[in-house]
Amino acid sequence: MSIIVKSILISILFFTGVAIAAPVNVETEERVRYTSSLNAMAMVIMNWYGNLILSPEQIVFKPTSAEWDDYRKHYPQQITQLQIMSTDVRKLDNGNLYRFVVNTQIAYENAEGAHSQTMRDIFTFKVPLLAQPTIELIVEEEVEQVENIPEPAFNRSHYKAREFAYAWLAHLDGVAGDSTVTQLFSDAHYAFKIGSDTEQGTVESVMNKRKQYLAHGGHRLHSLDVLFNDSNPEQVTLELIIEWKGVNQAGKPVLAKIHQEIKAEIQKNGIWRMDTIKEKHVLPDIAPWSGLLC
């Protein structure tokens, strides 16, 4: 579940469409490009692998829908579990292209019984600044049969929850989503607490108010816990621990550790929609986190 990500460079003048008055240094600019690109690509990766796993839930993968059926032939058909073992992201010479390597272990079934294999996929992403990424190329590098089977936890719900979480972080980072993605968050009630200061209201209004504390920077997911409601299978709660690094409205460096509780509803079409977001800021960790993606 841990992922190693190399350095990414960029310049940026706007955060979620609003000009930032505070002075911004190169380190902060790098952070904005780094987190927004990473969160946006992670959202697509989680969707991609979630689509491979057997489930009655249908998930549409829009950016590569025309290529999906052909590429799906590279994988076993009856996939029951899929575990991401490691990944590596590198920025290519072209400013908008990234190489995202994913090593997975896949459990599947056929007429001969249950099997497991490892695979390595190399994705080339085009990620314009604060925009949705698209997959330019996918290369399957190696396949090896193995004996052990991934844990049952790595099912489609595992990846759906992470797709949802990374889409939300990309949204907070200012990545422009299509109308379908934006609607997943737009109607939620957002409550924000930092110290004795509190704000609440719509997602848009609270995001604007929180910029006085977190003006220019980016979010990185440290951990994610998913709780399903046994009495109501259409309700799910996500517990996120997030690191934010950047500057406040006065241009002063800020390191924040954020706890978010997101309550979502699973609609009949399988799409998850936010109902409420509760955000609380706690004392940040001084030592850097070793993992970059969950």
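A residue is called buried when its relative accessible area is under 20%, exposed when over 50%, and partly exposed in between, using a 1.4 Å probe and protein chains only. By this definition I84 is buried, because its relative accessible area is 8%. The model is predicted, so local features need pLDDT of at least 70 and side-chain atom pairs count only at pLDDT 80 or more, while totals for chains, interfaces and linings use all residues. Residues are numbered from 1 along each chain as its sequence is written, and side-chain values use heavy atoms, with hydrogens and water left out.

- I84 belongs to strand β4, residues 79-91; strands (E, at least two residues) and helices (H or I, at least four) are DSSP runs numbered from the N terminus.
- Between the C-alpha atoms of I84 and Y49 the separation is 8.9 Å, although the two residues are 35 apart along the chain.
- Y49 is also one of four residues, with F123, W168 and L240, that touch the most other members of the largest nonpolar core, which holds 69 residues. Such a core is a set of buried Ala, Val, Leu, Ile, Met, Phe, Trp, Tyr and Cys residues joined through side-chain atoms within 4.5 Å.
- Helix α1 (residues 26-52) supplies the largest share of this core, 11 residues.
- L240 is in contact (heavy atoms within 4.5 Å) with residues including A165, W168, L169, L221 and I258, leaving aside those up to four places away in sequence.

**The six-stranded sheet**

- An open sheet of 6 strands runs in the order β9-β8-β13-β12-β11-β10 with mixed pairing; two strands pair if DSSP finds at least two bridges between them.
- Strands β9 and β10 (216-228) are at the edges with a single partner strand each, so one side of each has no neighbour in the sheet.
- From one strand to the next, the twist averages 15°.
- Strands β8 (residues 189-194) and β9 (residues 197-202) are antiparallel and joined by 6 bridges, with A191 partnered by Q200 in β9.
- The hairpin of β8 and β9 has 2 residues between the strands, and G195 there takes a positive phi near 60°.
- Strands β12 (residues 253-266) and β13 (residues 272-282) are antiparallel over 10 bridges, and H259 has K280 in β13 as its bridge partner.

**Helices across the sheet**

- Helix α3 (residues 156-172) lies across β8, β10, β11 (235-247), β12 and β13, at about 155° to β10. Axes are lines fitted to C-alpha atoms, for helices over the stretch in contact, and angles run from 0 to 180 degrees between N-to-C directions.
- Helix α5 (residues 203-210) lies across β8, β9, β10, β12 and β13, at about 150° to β9.
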